[in-house]
Amino acid sequence: MTDSANVEYRIAHLQERLAAGELGELGIRIAIRGNSVTVVGTAPTTQCREELVRTVNEELAGMTVHFDIAVADASAPDHPEELA
């Protein structure tokens with residue numbers, strides 16, 4: 001198996017693992033960028049983001065992975081919005 005095929009296989013396995021778990025609904029995108037992998041998306045909580053990063057690092061151990069995962073802040077504001 002070539003390195004490229006191995007990377008694609010590992011990414012496919014990662015996507016299956018994410019889809020089967022609680023993180024399946026996040027809409028995370030995973031792309032090969034040269035010699036590294038980029039993971040892009042939004043997580044609903046910091047804990048969810050941490051779980052995602054841990055899972056990706058486990059599946060893609062030994063590879064360079066860049067994360068662009070934002071945390072959506074869905075909490076209620078602590079003060080009223082002032083309109084002018």
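Predicted model: local features only at pLDDT ≥ 70, side-chain atom pairs only at ≥ 80, totals over all residues.

Student: How many residues does the largest nonpolar core have?

Tutor: The general idea is that in soluble globular proteins, nonpolar side chains tend to be buried together. A nonpolar core is a set of buried Ala, Val, Leu, Ile, Met, Phe, Trp, Tyr and Cys residues joined through side-chain atoms within 4.5 Å. Buried means under 20% relative accessible area, exposed over 50%, and partly exposed in between (1.4 Å probe, protein chains only). Here, the largest such core has 17 residues, and those with the most contacts inside it are Ile28, Ile30, Val39, Leu52, Val56 and Leu60.

Student: Which elements give two or more residues to this core?

Tutor: Helices (H or I, at least four residues) and strands (E, at least two) are DSSP runs, numbered from the N terminus. For this core, the contributors are helix H1 (3-20), strand S2 (36-43), helix H2 (46-59) and strand S3 (64-71). H1 supplies the largest share, four residues.

Student: What is Ile30 in contact with?

Tutor: Contact means heavy atoms within 4.5 Å. Setting aside neighbours within four places in sequence, Ile30 meets Ile11, Leu14, Gln15, Leu18, Val37, Thr38 and Val39.

Student: At what angle do the axes of H1 and H2 cross?

Tutor: Axes are lines fitted to C-alpha atoms, for helices over the stretch in contact, and angles run from 0 to 180 degrees between N-to-C directions. The H1 and H2 axes come within 10 Å and cross at roughly 145°. On the H1 side, Arg10, His13, Leu14, Arg17 and Leu18 meet Leu52, Arg54, Thr55, Val56, Glu58 and Glu59 of H2. Sorted by type, the residues of this contact are four nonpolar, two polar and five charged. For that sorting, Ala, Val, Leu, Ile, Met, Phe, Trp, Tyr, Cys and Pro count as nonpolar, Asp, Glu, Lys and Arg as charged, and the others, Gly among them, as polar.

Student: Glu59 is in that list; is Glu59 buried or exposed?

Tutor: Glu59, in helix H2, counts as buried because its relative accessibility is 17%. Now look for polar contacts (pairs of N or O atoms within 3.5 Å; within protein, one must be able to donate a hydrogen and the other to accept it, and residues adjacent in sequence count only if both atoms are side-chain atoms). The Glu59 side chain makes one of 2.7 Å with that of His13 and one of 2.8 Å with that of Arg17.

Student: And which residues does Ala70 touch?

Tutor: Ala70 sits in strand S3 and touches Gly41, Thr42 and Ala43, not counting residues up to four places away in sequence. Ala70 and Gly41 are 29 residues apart in sequence, yet 6.5 Å apart in space, C-alpha to C-alpha. With a relative accessible area of 39%, Ala70 is partly exposed.

Student: Why does Ala43 count as buried?

Tutor: Because its relative accessibility is 0%. Ala43 lies in strand S2, and its contacts beyond four places in sequence include Leu26, Cys48 and Ile69.

Definitions and conventions:
Residues numbered from 1 in each chain as written. Heavy atoms only, no water.
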